[in-house]
Each structure stands twice: as structure tokens, then as C-alpha cells.
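Please take a moment with the sequence and the model before reading on.

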Protein chains: 2
Amino acid sequence: MLPKGTRDILPGPMRVRTHIMQIVESVFQCYAFVRIETPAIELNKSLSGKYGEEGDRLMFKVLPRGEKLKKFEGKTASEMQAGVEEALRYDLTVPFARFVVDHRNDLAFPFKRYQIQNVWRGDRPQKGRYREFTQCDADVVGISGIVQEAEMMHIYNDVFHSLDLPAQLALNHRKLLLAIAEKVGAADRFIPFTVALDKLDKIGWAGVRSEWEAMGIVVDDQWASLFTSELHLDEDGLAQLAQWLGPVADQALEELTSLSELLSARPLDHLSLKLDLTLARGLDYYTGCIFEIRSTGAKIGSLGGGGRYDDLTSVFGLKDTPGIGISFGLDRIQLAMEELGLTEAVKGSQTHLLIAHMGASTQADHFSMAQQLREEGWVAELYPTAARLKKQMAFASRSGIRFFILRGEQERDADKVLIKDLQEGVQTEATGSEWIDRLREMLPPAGTQ
Amino acid sequence: MLPKGTRDILPGPMRVRTHIMQIVESVFQCYAFVRIETPAIELNKSLSGKYGEEGDRLMFKVLPRGEKLKKFEGKTASEMQAGVEEALRYDLTVPFARFVVDHRNDLAFPFKRYQIQNVWRGDRPQKGRYREFTQCDADVVGISGIVQEAEMMHIYNDVFHSLDLPAQLALNHRKLLLAIAEKVGAADRFIPFTVALDKLDKIGWAGVRSEWEAMGIVVDDQWASLFTSELHLDEDGLAQLAQWLGPVADQALEELTSLSELLSARPLDHLSLKLDLTLARGLDYYTGCIFEIRSTGAKIGSLGGGGRYDDLTSVFGLKDTPGIGISFGLDRIQLAMEELGLTEAVKGSQTHLLIAHMGASTQADHFSMAQQLREEGWVAELYPTAARLKKQMAFASRSGIRFFILRGEQERDADKVLIKDLQEGVQTEATGSEWIDRLREMLPPAGTQ
């Protein structure tokens, strides 16, 4: 039994997770990101107040031990809640900000880091949402430059390309949203304005307009055509925006023009790109381009997102640390791949061969065979005891092992090896010296394929 | 700032950790172990009482949230300590036992699993000991057979061979220790008897004997020669033991004889093997062979250990789950490698190339060059803004990047690329079409080496 909202990860799903993480990690590395880790337990004062009221409520805190626990005797729940010194990591961004401040003298900027670690949130569990889940984040901090936006978009492209998972990359710019808010007179209620706009695909134009009206923002219906039109990140699309928004959008449009040039020089070859003016990405911490990756085949919605920010670290006392970050939602990517049937090939057993145990007299001979197979690059197993052959073969089948190798005393004396292909249902007989070569023909060992 | 006993892992040490974990993992996989994960937060009732009084005291517990927290209002420290429902993982073995019981109908036995996850203990921090640390465990459960002992020893051998880290594998058998205890009349005080014996290399024979005497165990001095003699796992060594211990040691000696046969068929080619009668490995849960890996070059002691057990899961209500497990101490292996100077090659930057940013007019061209290098397998970076060249080159040096690639407007118009080798201090000029080939001669991209 496990606590609510937590789970074990069994070998099959674990292989899929590992597959996804390895692809994400190898792409991060190819773009010169370096891995770091931070501890699961942070000081409560580093985390509390950084995620809004909801974050403070959902954050897991650590019970003090020893003398420190005694200070809590007789206290109220809210005194305990507020008084504990340690809490579990709630995301990777705030600990990374603390990391940058703590180690600023040891890092060379621009600093490109990635981090693949678990976070804990006391959310209500639901499909694909657990109280412990893995975040995969990459950030570049310490310097700006639109090249970083183009790199991040290519990272998304390369990861989903390698995963063979169809997806759309939605792009927006915070300063475009600000320009729109200014044009329609909603600049002083910017966050609720964008939160309502973000729901356009769910509640439609009439729904968004009525949410705005409830805030006292009246927007002419002609804007509907801008929000719902197919805009492309090219000269035409940017000219159209300039026409709608005028000089207030100049800075955003200049950046998007540079980005468009970079992406023309190296187009995304897998993702479809959508300039989506309704994309808001909740966090008011973003200041430039914002991204969201959406599954286009599976009904799962967002698979990750990120954006440009001007200030990562001032909350920890270090000013002027701009940067850009993106995140991959491991569980959601896995769900999308499962829905599209992309995980079966990965989930299967990696064990190629089982050598049957034929009793004590041949055990050393068989152990030697198993070691030889491993040295040659196969994943091989020797059944550990002299169980009935039927039981050993049933174990191989149940474990998804393809080849069953038999060499009892009789075969040994005749210098033979029997190789049963359980998948094809055929048996091959090889002499003692050629059995490895025969196996190699049937199943090249890993690394030689 | 971080909680006491926790730490950030910076890119250099992280590369060393990743290197060690990848080797451990690939060896586990080669022996057909499959990876699983369990959640960091377990039910307190699954963990408490499983690690003795010290474990209960050092275990991190999770503060309840919401309504559940209110139940703790006004309680004493010990009521809180005992009443919380959730705790952080303290090791990987107890969660694995729970896992086996919870999923017994979905697993094929013998089940060979490995697990690389963090655990938390409120120990007093010291060199190489943190409150959050990583355990790397492999266990085979559900069936016995001496083949598994030989496999585990070869796994240790293969890992330390790949790490190029000299080490000794100490081997003992719980039933040998029992036989000795019986011979000297200490069978009824077996655990304290072995705990004292385990200190032989620290406190000497006189020290062990006086600890025994304090328990009322009087052992003749002639036994000193057995405990301090060089015993080998071969016919001679086993015959010597049989002579000392007589029939009470028969079962242990029979198993060690089988093990000796397996290791003769495939000897350990890297580790030195020592039959060490003083090795006790604290946990009274072991019932057969026990192992300890010791660094032979670095002053760091144990790098891991494990052993055979008869019963993993009865504490969770499932009887008869024998098995064998081994563990690698990641932090200690890293410390040993650092002490022996084995980490420098791994710690260095993995980034091969930095393309200088030469201004907006060539930015798209340079982005395209960076993408081409990445596609070819290099780890490449484009400096994100048009900073002064001196600054860009200083960044490359500080980051340990070897090649600095320059192509300003002038070079572009002349269709040239300048390649500065910052390590060798030489500069190469290549034409636009041959620069990739020239680079390939100087530094073959990863995967082609």
C-alpha cells in the first residue's frame, strides 16, 4: 500500500520513461546544456511564498526531528504549518534560482543547465497527475539573445522528432499580449485579461468576451478575427500583427522577426509551429517569447512549455539574471505515446537469452556460457537452479525472453548446443564451437546492430 | 542556503556521478536486471520499526496537510512523531519488499530488479555522508541458487573494472560465522559476538578478545591465527576451514565449494578476492554469503556490500521470498575515484565548440552552422549575443571549450572559417565547404570515435 497519489513504476513503464528521459537528456547535451541536481529538501523560507497561496497549501513540509520537534508541542495547525524549517521541492525553477545565487562565483555565464528530478505537490490525484512526478527542465541564464529562443524551439523539435511523437509548438510573446491589452484598455488588469483569453479554445469567443465584461473590459468583436486567424511566423503574419497593433508592439515584433530569420535558416523539420495569440502560460514571471508543446495525435493537451524571463533570481537577492527556460512533462509525454501505441516496442523485455539450468554437474559450464554471452554484448540469464525444464521455459515465455539455450550432459558429451527460438517456435542445433556464431546470425548483440 | 547535510551537485561532480551510474546501470542490464522505481514518500507504517530504534529516530517524516494537520493541534512531540502517516524512503530494500508483495501477481520469479534512487536519513553529516544520498541496489528474489552469488560477484568485478578503480571483494558466509560462534560457545550472543569480531582490523585481536570477555565469551588465543590468516576460496582454504570447524560448517562449506567451482570456470579478472571470516555486515537479516567491496587504493573503506537472505517479505505478509542483494555506495565510489585522480577526464567540459557571435547580420548563418554541427554529433554552442570577442573567448576558456569558431562578415564574404584550438593555441583557416571536414580531422564527433 502506498500514500494517495503516489505510485510504483514497474519494469515496462520504467523502460518507456527511461527511453523518453534518455532522448531528452541527449538532446539537452547536444545543445551544450550541463546537468545539475539540487536536494529534495529545501529550506522552507526558500520555497514558501514563491508559488502563490495554492503552492503554500500544496507544498509537502518535513516534520522536525529531535529538539526541534519539541518546539511544536501544543501548537496549532497553522503555527506548525508556518513554523517548520524544511519543505520538499515543489518545482525545479525556484531551487535553480537559489542555486544560481549560491554558486554565482563558480559558474560561467551564459550558464546552460538541465535538471531531471522529482517534485512533490499535494494536488488532487487524477489521470496522469501524481503527487510525486518528474520534471525535465532546461534553462539558459545570465544573458539574453534571440538565438536562445530558436535553440529552445529546436530542442523541442529534436526531442519530439526522436520520440516520433507528432506535436505542435505554440508560440506567443508576452509583449504582444501587453500590446493587445493596451489597445483594448485592459493593461491594468493584464493577468486576469490573459487568463480569460487563454480559455478561447475551450469557451469560445462569446465566453471570453463575457469573462472580460465581468471585469469591466469591453472588447470589440472585430478582435475575434485576430485571435482566431491562422497566423504564421513569417513576413506576412508579422506585417498583419503590426497593422493591428501599431507601435506598441514594435519590440515584440522586432524579436519575432529575428526569430523568424533564424527559423528560416534552419526550419523545424518535425513540429508544426503556430503563432497563438491566446497562449498565456499562467506565470506572470515570463516577459518575452512563451512556448507550449501540444500533442496533435493524443487527447492529452500540453506536453510542456516555457518562456523568456527578465529576472530569475532577485527574490534571492541577485538582480539582472535574465534567461529562458523550457520544460518537458514526462508523465504526459508517456501517456500521449501510450495512447498512440508508440510504447510497445520500448516496453518489451531487453533480455535476449535464457540458458537452462541442467543440474549441478553442468552448472559451472553454463555459468561460463552466460558470462561469455554477456561479454559479447547480449543480455543473458542463467536460470539459477535446476528446476523442471517446463518451468524454466515458462519463465522465459512469461518474461518475454526470445531464445532458450539447452546443453545438458548429453549435449555436452556430444559437444552440441540446442537453441530454441521461442518467438518463431524453431530449434537450431549447433556444435560447441559454432553456437555463438549461429546466435549472432539470429540476433546480433547490442552495440553491433 | 540549504538544510544541514544536503548539497547541490554542480556540473563537474554531476558528470562523475552520471559516469558511475551509467556504468553500474549498464552492467546491471547486461545481467538481465530490470529497473523499477518506488515513490519517495511511503506510508509510515510500511517503514517504521523496520530499521531499529536508530532508524525510527533518523527517518524523515512528512507533516500532514489540511484536515489531517488539525488532528495534531496541541499534541506532544512524541505523539506527532508516532502519529504521522507518511515518511521519506530510508533505504531501497524495505520499499522493494513492499513492492514485491504489492505486485507479486504481475512479476515473473526469479525477479531481478535494480533501483537507483535517493534515500533520506537524519544522520550527523560528515565527509561523504549526506542526509540525502543515492543508493544503487540490485536484488534477485523468489528463488535461490549459488549461481546468483557468482553473478553478483561478477557484477562487482565488471563495474569496478569499467571504473578502473582497484578494489577488494571480501566474502564471508553467515553460517560460517554461526559455526564459529557455536564452536566457541557464543551462539546465544551471535550478533554482539560478530559485531566485535568485525572490528578486528581496527582494534586488533586483544581488543576483540576483551570485548568478548566483557560479554562473558572466553575464546582461546589459537583462534587468532584463523581470523588473521590469508584464506583463499579454493580447495586448500576450504579444507583448512573444515578442519577448524568440523561438521557444523558443512552447509556453508558446501555452498562455498560450489561458488569456488563457478569462479574457477570464470575467474574475477579485476577484483582481488578475500575470504574474510571477520566480515559481519551488521544486518541480522543475512543468512548466507555476505560481501563487502573495499577500496584498495583510497582511504575510504567500504564502497558497497550485500548478501543472501532467506526472507525479504514476511514482514509484509508474504512468506518464502529468498533472495540476494548488492548495493553500490555512489558517494563513496566518487570520493575514492577523486582521491585516486580518476575523475579529471570525466569532469571536464563536454562542449567541443563555441561559435562566436559576430552581430545581427551573420546571426542566422551562425545559427545554421551550430545546428549543422549538432546534427553531425558535436556538442556545439553559439554565443547568444554580439559581445566583445575577448569576452566570448574568455567564456570558452573558462568553460573548458576547446574550439572557438570565427566567421565574421569579412570571412563570410571570402567564404572562410577560422578555427582556433584554444587548447593547442593554434589557428586553422578553412574554406566554407571544407571547414566541417577539417574539424572532423581535429576532433571526431561523438559516436564516431
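Does Phe404(A) count as buried or exposed? The model is a predicted one, and in it Phe404(A) has 22 C-beta neighbours inside 10 Å, so it counts as buried. The cut-off behind this reasoning is that a residue is buried if 20 or more other C-beta atoms lie within 10 Å of its own. Phe404(A) belongs to strand S14 of chain A, which covers residues 403-406. Once residues up to four places away in sequence are set aside, Phe404(A) touches Leu354(A), Ala356(A), Met393(A), Ala396(A), Lys420(A) and Leu422(A). Arg15(A), by contrast, lies 389 residues from Phe404(A) along the chain, and the C-alpha atoms of the two are separated by 23 Å.

With neighbours within four places in sequence left aside, Ile405(A) is in contact with Leu353(A), Leu354(A), Ile355(A), Ala356(A), Val417(A) and Ile419(A). Ile405(A) is also one of the residues with the most contacts inside the largest nonpolar core, a set of 235 residues, and the others named with it are Tyr156(A), Ile355(A), Tyr156(B), Ile355(B) and Ile405(B). The element that gives the most to this core is helix H7 of chain B (residues 147-163), with nine residues. In soluble globular proteins, nonpolar side chains tend to be buried together.

The C-alpha trace of chain A spans about 90 × 65 × 45 Å along its principal axes, and the radius of gyration is 28 Å, whereas a compact globule of 449 residues would have one near 22 Å.

In chain B, two helix pairs show how elements pack. Helix H7(B) and helix H13(B), the latter formed by residues 250-265, pack at an angle of about 50° with their axes 9 Å apart. That angle makes H7(B) oblique to H13(B), and the crossing is right-handed. On the H7(B) side the residues involved are Val147(B), Glu149(B) and Ala150(B), which meet Leu259(B), Leu262(B) and Leu263(B) in H13(B).

The other pair consists of helix H1(B) (residues 11-30) and helix H14(B) (residues 330-339), which pack at an angle of about 115° with their axes 10 Å apart. H1(B) is therefore roughly perpendicular to H14(B), and here too the crossing is described as right-handed. Val16(B), Arg17(B), Ile20(B) and Met21(B) are the residues of H1(B) that meet Leu330(B), Ile333(B), Gln334(B) and Met337(B) of H14(B).

Which residues of H14(B) are buried? They are Leu330(B), Arg332(B), Ile333(B), Gln334(B), Ala336(B) and Met337(B). The elements of chain B that cover these buried residues include helices H1 and H7, together with strands S6 (132-141), S9 (286-295), S10 (302-309) and S11 (323-329). Just after H14(B), Gly341(B) takes a positive phi of about 70°.

Some features of the backbone deserve a separate look. Most residues other than glycine have a negative phi, and most peptide bonds are trans. The peptide bond from Phe109(A) to Pro110(A), however, is cis, with omega near 0°, and Pro110(A) sits in the loop between helix H6 (93-102) and strand S5 (111-120) of chain A. In chain B, the peptide bond from Phe109(B) to Pro110(B) is likewise cis, with omega near 0°, and Pro110(B) is placed in the loop between helix H6 (93-102) and strand S5 (111-120) of chain B.

Positive phi values are found in residues other than glycine as well. Asp415(A) has a positive phi of about 50° although it is not a glycine, and it lies in the loop between helix H18 (409-413) and strand S15 (416-421) of chain A. Because Asp415(A) has 12 C-beta neighbours inside 10 Å, it counts as exposed. In chain B, Asp164(B) has a positive phi near 60° and is located in the loop between H7 and strand S7 (167-173). With 10 C-beta neighbours inside 10 Å, Asp164(B) also counts as exposed.

Definitions and conventions
Residues are numbered from 1 along each chain as its sequence is written. Chains are lettered from A and ligands numbered from 1 in the order in which they are written. This is a predicted model: local features need pLDDT of at least 70, side-chain atom pairs count only at pLDDT 80 or more; totals for chains, interfaces and linings use all residues. The radius of gyration is taken over C-alpha atoms; the globule rule is 2.2 Å times the number of residues to the power 0.38. A nonpolar core is a set of buried Ala, Val, Leu, Ile, Met, Phe, Trp, Tyr and Cys residues joined through C-beta atoms within 7 Å. Helices (H or I, at least four residues) and strands (E, at least two) are DSSP runs, numbered from the N terminus. Two residues are in contact if their C-beta atoms, placed from the backbone, lie within 7 Å. Axes are lines fitted to C-alpha atoms, for helices over the stretch in contact, and angles run from 0 to 180 degrees between N-to-C directions. Angles under 35 degrees count as roughly parallel, over 145 as roughly antiparallel, 65 to 115 as roughly perpendicular and the rest as oblique. A crossing is left-handed if the near helix is turned anticlockwise from the far one by less than a right angle, and right-handed if clockwise.
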